[in-house]
Amino acid sequence: MKIYQIDSSARKKGSTSRALAKKILDKIKKPGDEVIYRDLDDEMLFVSGLTESGMKIEEKDQTEDHKKMFRLSDILVKELKESDVIIISAPIYNHGPPATLKAWCDLAARIGETFRFKPNGRREGLLQNKQAYLVITSGGTKLNSSEDFLTPWLKYMMNFFGIEKVDIISADQMALDYEKSIKDAETQIENLFKD
């Protein structure tokens, strides 16, 4: 089995979202499993200058910046397509996703690779039969409240790619009661992986 772990917190040390994602990885990883790890804070390019959706630009029309972006996009698409399980950890920043996670989604959304258009014009995700675990943390935002624009968006993006099996683990409103938030998240993980 291939496990794709993606961390998006700008905080390296002391990141709750990273720590909880590691707990999930420890629960599911078996001997012989391969883990592909990507820290979005290390090398994520921001998407700009695209003229079409799905990042489809003829090679002759690509600038050097486009080529660099496509090289990274090719790697991200390959990692996503080859994985069986995806673990994404993300803190809520200003009610939404970290910019690096948005950039990752933009670079992974490739027409003919991760989604396609059906004859009726509707989009269809091409990455079926995968499991995603989304670890969402926040300081003050209540998960799935009217102020939370990260959780519904990230779940939608997984569905957009064709990933229907999505479990969400949350440690929200940590600024209000940190210990309770962490305990709740750890309980969610235990309940998910009960034998």
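## Overall fold

Six helices and seven strands make up the secondary structure of the protein chain. Keep in mind as you look around that this is a predicted model. Read from the N terminus, the order of elements is β-α-β-α-α-β-α-β-β-β-α-β-α.

## Size and packing

How does the radius of gyration of the protein chain sit with that of a compact globule? For 195 residues, a compact globule would have a value near 16 Å, and the protein chain has 17 Å, so the two agree. Along its principal axes, the C-alpha trace covers about 55 × 35 × 35 Å.

Burial applies to 48% of the 195 residues. Among contacts in the protein chain with a separation of 6 or more, 75% are between residues 24 or more positions apart.

## A closer look at helix α3

Helix α3 takes in residues 64-82, and its 19 residues should span 27 Å at 1.5 Å a residue.

Which residues of α3 are buried? They are H66, M69, F70, L72, S73, L76, V77, E79 and L80. An α-helix has 3.6 residues a turn, so residues three or four places apart point the same way. The partners of the buried α3 residues are the strands β1 (2-7), β2 (34-39) and β3 (85-91), together with the helices α2 (40-43) and α4 (99-108).

Methods: Residues numbered from 1 in each chain as written. Predicted model: local features only at pLDDT ≥ 70, side-chain atom pairs only at ≥ 80, totals over all residues. Heavy atoms only, no water. Helix = DSSP H or I, 4+ residues; strand = E, 2+ residues; numbered from the N terminus. Expected span 1.5 Å × (residues − 1). Buried < 20%, exposed > 50% of the residue type's maximum accessible area, 1.4 Å probe, protein only. Contact = heavy atoms within 4.5 Å. Rg over C-alpha atoms; globule rule 2.2 N^0.38 Å.
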